[in-house]
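Visitor: I have a model open and would like a guided look at its contacts. Could you walk me through it?

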Amino acid sequence: MAAAFSLFVVNSVIIIEISGAAGVSIVLTSSLKQLLKQTASQLKGAAKRKFLASTVQGLGLGGQRLAEIELGWNRGTISRSKSFPEA
C-alpha cells in the first residue's frame, strides 16, 4: 500500500499526517523552522550540505518538498548533498 500524506496548518503550526506509514506525523513549529534556517545559514560547504541532507532525511517521506516549501531550501542542493558519500 502506498503512503499518502495530508498537510494541515493549525495556529501557525504545520502538521503533516502520513497514512500508510505507521501513523507518523511531522510538526514544524515556527520556532523549529527558525532554528533550522538559522543553523543552515551559519554553515558553509560540506557541513551545510550534510546538515541539509540529515534534516531532510529526519523529516521522512516528502522531506525534500517540505524543506523547500517551509524552509526555503533548494531541492537541487538537497538532492546533490544526498548523493555524496558520508565523509
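**Contacts and helices**

Guide: The structure holds 2 salt bridges; a salt bridge is a side-chain nitrogen of Lys or Arg within 4 Å of a carboxyl oxygen of Asp or Glu. This is a predicted model, in which local features need pLDDT of at least 70, side-chain atom pairs count only at pLDDT 80 or more, and totals for chains, interfaces and linings use all residues. Residues are numbered from 1 along each chain as its sequence is written, and side-chain values use heavy atoms, with hydrogens and water left out.

Visitor: What is the mean pLDDT of the protein?
Guide: pLDDT is the predictor's confidence in each residue, from 0 to 100. In this protein, 62% of the residues reach 70 or more. The mean pLDDT is 75.

Visitor: Which element has the highest mean pLDDT?
Guide: Helices (H or I, at least four residues) and strands (E, at least two) are DSSP runs, numbered from the N terminus. Strand E2, residues 13–19, has the lowest mean, 60. Where pLDDT is low, the predicted coordinates should not be read in detail. The highest mean, 90, belongs to residues 30–42, helix H1.

Visitor: What pattern does the protein follow along the sequence?
Guide: The protein has 4 helices and 3 strands. Read in sequence order, the pattern is β-β-β-α-α-α-α.

Visitor: Which residue forms a salt bridge with Lys-33?
Guide: Side chains of opposite charge can pair when their charged atoms come close. For Lys-33, the closest N and O atoms of the bridge are 3.3 Å apart. The partner is Glu-70.

Visitor: How many residues apart in sequence are the parts that Lys-33 and Glu-70 tie together?
Guide: The salt bridge joins Lys-33 to Glu-70. Lys-33 lies in helix H1 and Glu-70 in helix H3, so the pair ties together parts at a sequence separation of 37 residues.

Visitor: Is Glu-70 buried or exposed?
Guide: Buried means under 20% relative accessible area, exposed over 50%, and partly exposed in between (1.4 Å probe, protein chains only). Glu-70 has 18% relative accessibility, so it counts as buried.

Visitor: Which residue forms a salt bridge with Arg-75?
Guide: Arg-75 is partly exposed, at a relative accessible area of 29%. The closest N and O atoms are 3.8 Å apart, and the partner is Glu-68.

Visitor: Where do the buried residues of H1 sit around the axis?
Guide: Lys-33, Leu-36 and Ala-40 are buried in H1. They cover an arc of only 65 degrees around the axis, the arc being that of the directions from the helix axis to the C-beta atoms. That puts them on the same side of H1.

Visitor: Which exposed residues does the face of H1 turned away from its buried side carry?
Guide: The buried side of H1 has Lys-33, Leu-36 and Ala-40. The face turned away from that side carries Gln-34 and Gln-42.

Visitor: How far does H2 reach from its first C-alpha to its last?
Guide: The expected span of a helix is 1.5 Å times one less than its number of residues. H2 has 15 residues, for which 21 Å is expected. The reach is close to that, at 22 Å.

Visitor: Is the aromatic pair stacked or edge-to-face?
Guide: Rings of Phe, Tyr and Trp (its six-membered ring) pair if their centres lie within 6.5 Å; planes under 30 degrees apart count as stacked, over 60 as edge-to-face and the rest as tilted. The structure holds 1 such pair. The rings of Phe-51 and Trp-73 have centres 6.1 Å apart and planes at 65 degrees, so the pair is edge-to-face.

Visitor: How many residues apart in sequence are the parts tied together by Phe-51 and Trp-73?
Guide: Phe-51 counts as buried at 18% relative accessibility, and Trp-73 at 8%. Phe-51 lies in helix H2 and Trp-73 in the loop between helix H3 and helix H4, so the pair ties together parts whose separation in sequence is 22 residues.

Visitor: Which residue just after H2 takes a positive phi?
Guide: The buried residues of H2 include Val-56 and Leu-59. Just after H2 comes a phi of about 80 degrees, at Gly-60.
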